[in-house]
Amino acid sequence: MSDSDKKYDQILIARNIWLYSLIGLIIVVLSWMLLSLDQNYEFSLQNWLNAHINNPAIIVFDGLPLYIYIILSLARKQFEKKLGKLSNEQISTQKILDENTEFAKLLAEGENPPLSNAMLTSELGQSLKLIQLNSKSTRRRERDITWITEGKDLISLILRVNNQIDILAFQILKSLSKYIGAVQGAMYLYDDEKKQLENISVLAYNRRKYVHQLFNIGEGLVGQCAFEMDYIYRTEIPDEYISITSGILGDQKPKSILLVPLITNDQLQGVIEFAFFETKIPKLTIQFMLELGEIIARTFYNLRVNEKTRFLLDESRKMTDELKNNEQILNENGEKMRITQDELQKTNEQLKAKIDEANNAQNRMHWLLKNASEIISIYDENFKLKYISPSVDHILGYSSEEMISGKDFERIDQTGSNEIRKAFENLLIQTDQLIEIEYTFVKRDGERLFLRSTIRNRLTDPSINGFIFNTSDITESRRIEKEQRLKTRMQSLSENSLDMILRISSSGIIYYANPVVENYSGISSSSIVNNPLHDVPFPDILAAFLQSSIHQIKEKPVKMNRQENIPIHLDEKTSERILNFDVIPEFEEGELETILIVGHDITEAKRIEAEIKITNRKIQDSINYAERIQTSILPEAARIEKAFPKSFVFYKPRDIISGDFPWFYETEDAWFISAIDCTGHGVPGALLSFIGFFLLNNITALNPSLSAGEICDSLNSEVRRTLKQDQKNPDALDGMDLALCKIYKKENKMEFSGAHRPLYLFREGEITVLKGDRKAIGGLRHPKKPEENFITHQFDIRKGDKIFFFSDGLTDQMGGPDGGKYGPGRVRDILLKNPGFTIRQFHKFFEYDFTTWLGEERQLDDVLLIGIEF
């Protein structure tokens, strides 16, 4: 409100006060006039004074105008006071409104103005503060997206204008090094045939270097990146990295290195490598390289396909030119052939009559050959079948066409095939020689035939011009010979066998008994043969067994097996032997002819079996007791849950006792928890786990202030000392891998150190992998290389963070639909696909997923997975 408006309002209020006071005075005067008229007395000053003296209350009435003036004057002062206060408030509000308006205007123009404390007192100011924060975050994301997009556009332009692989690789390295701030870079392309990565371009300090290197899959960081098909980001670069693994670094050693696989359509195309002087590479740079990797990989894949296509097109053009030349020659020859054709037509008519006559003769010959008892075949000088008589159809079960197309050698055994080819080579040298070969042939129905072939060289005979085969089926004669041979061999084996052998007819006549029968019956074999079973004085148990066996075989003629305890009398002592009898029916033309009974003495085997059972039971009892001991020293689930209410331990030993074990220790200031994987599993692994458990307890109890890496160093030294690995020629080379965490109680931070084992930090839907050192606890020192201490990774803990660490028994387990490894990639996929899972849900999911993956496969190693949510 302006000053003129305020003055106008004050004048208006003063005028109204005087107006109301005047109205009050008029009311008093009119009241006196009406009173004088009503009482008929003259109004005068004297009468007016007398009236007031006689009635003092009238004085109050006469003061009405004064009262009105005083009341309205007081009300005016109060009104002016409130009006001033409202005016001041309006000025303050208008000032804040103007500041907010100016702030919003600057914010809309893309600036980042400061926000005063006065502005924050209003809801509008607080809303503008939120808008400023959101706008700042949006601009940051837009800058990141713009940076990635501009980088992609830069590389896309290079990819479009270059079509030579080596030039393109150099241009990509040059542009990317400048764009992301790298000092050195290298490009490796994967040769799928050689299974190697070849260096095609190297850039150092913005200059091209000519270096040629080859890496196998899994060799060095480049090979490891290709094998895992995942990026590698390292800030700890070993001393030998320059000469052994990278090959691109100059005199100045970088602080960090990034390797990204080039993958398209799940196929590896290569690896791109960059080195930086900065210790830390921004995540945005890594994200940019991962997104760009597929674009580069797809371009190199297309260039390779285009090069191959150009090569094929060149070959096609050459062939087209040759075809055009041949077409011209063919046209010239066509006219000559037309003239010749007319002449041939006349000759054909003359030959037709002769051909008909020859066909009749050929049909007669074909019938004779088809029904012959042997096969006649002819091979050319290249050992290719060019003719075979039609009798092959009913003898071998294949037509002549099938034999000529390759069945001749395809169905012959390898030895026979080699003998035939050797015969061909000999007949080329000694042409008049006659060679006879026997071999096997498999018919269409699977029946195996024995064939005998007589081979002659008739290459000089113009009517044959090849090697002639006369082949006959000798299967039946071979079978007869084999039976006779087997009978003779059976007789010889039976006579020299340590088993008791009897052959008895279905009517009970003993046809054969070997000398061992006398050992168990006390009767010579010669006095047994050709006698009825019931006339031979066998021991009662043996006689009953033989009679029972014959009866059962007659009812059901199938092979059976029984064990009998046969008493044996030696001098005046009686002992008992355990015999395992095989009772085998023998048939002749489908009818039961004889029964072969073979008794094998298993007394000693039974004794050894009983001893083994007792030994195994003792071993099993010892293992079960060891399992109780191991279980008693492992941390109870309640202790871990008390320290970490949101946690789980997925523990699945391969055997009863395990080489993997969880370790937990609590001090006044911190909790210590670890997943430890000892060498081996079962009893050896469990013994080593006891050593690791008690050493860790002692180390932590004596000096709880040690960092995670220092604990690993102390454990490494103590394990070597305990197993005497620090002495010459140690007997034990065992050790252990571990992931160890130290979590502070009073501070939101923790430490991690690992030996071959990583830790996964799952925060806000993203995974950070903290890799353990590439060495184990225990084992031998490198004789020439100094051993470095274990690295301690320290980071702050936020509410909702989850950590996971595990033994290699989880990731190395084979299974799944393709029989592959579970792998660390599957662990990462489970976490990334389920960002909303609680730690309990992750526990159930991992148990179910691992069991499903295992399926019918055998568990290869102990499995341990620990998860904690803060």
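These legends describe close-up views of a predicted model. Local features need pLDDT of at least 70, side-chain atom pairs count only at pLDDT 80 or more, and totals for chains, interfaces and linings use all residues. Residues are numbered from 1 along each chain as its sequence is written, and side-chain values use heavy atoms, without hydrogens and water.

**View 1. An open five-strand sheet.** The order is β18-β30-β27-β23-β24, with antiparallel pairing. Strands are DSSP runs of E, at least two residues; helices are runs of H or I, at least four. Pairing takes at least two DSSP bridges between two strands. β18 (647-652) and β24 (766-770) are the edges; each has a single partner strand, so one side of each lacks a neighbour in the sheet. Neighbouring strands are turned by 15° against each other on average, direction ignored. Axes are lines fitted to C-alpha atoms, for helices over the stretch in contact, and angles run from 0 to 180 degrees between N-to-C directions.

View 2. β18 pairs with β30 (residues 863-869) over 6 antiparallel bridges. Phe648 has Gly867 of β30 as its bridge partner.

**View 3. Helices on the sheet.** Helix α22 (residues 823-833) touches β23 (759-763), β24 and β27 (802-806). Its direction makes about 15° with that of β23. Helix α23 (residues 839-854) packs on β18, β23, β27 and β30, at about 20° to the direction of β18. Contact means heavy atoms within 4.5 Å.

**View 4. Asn729 in a loop.** Asn729 sits between α20 (708-722) and β21 (735-744). Its C-alpha is 9.8 Å from that of Leu780, 51 residues apart in sequence.
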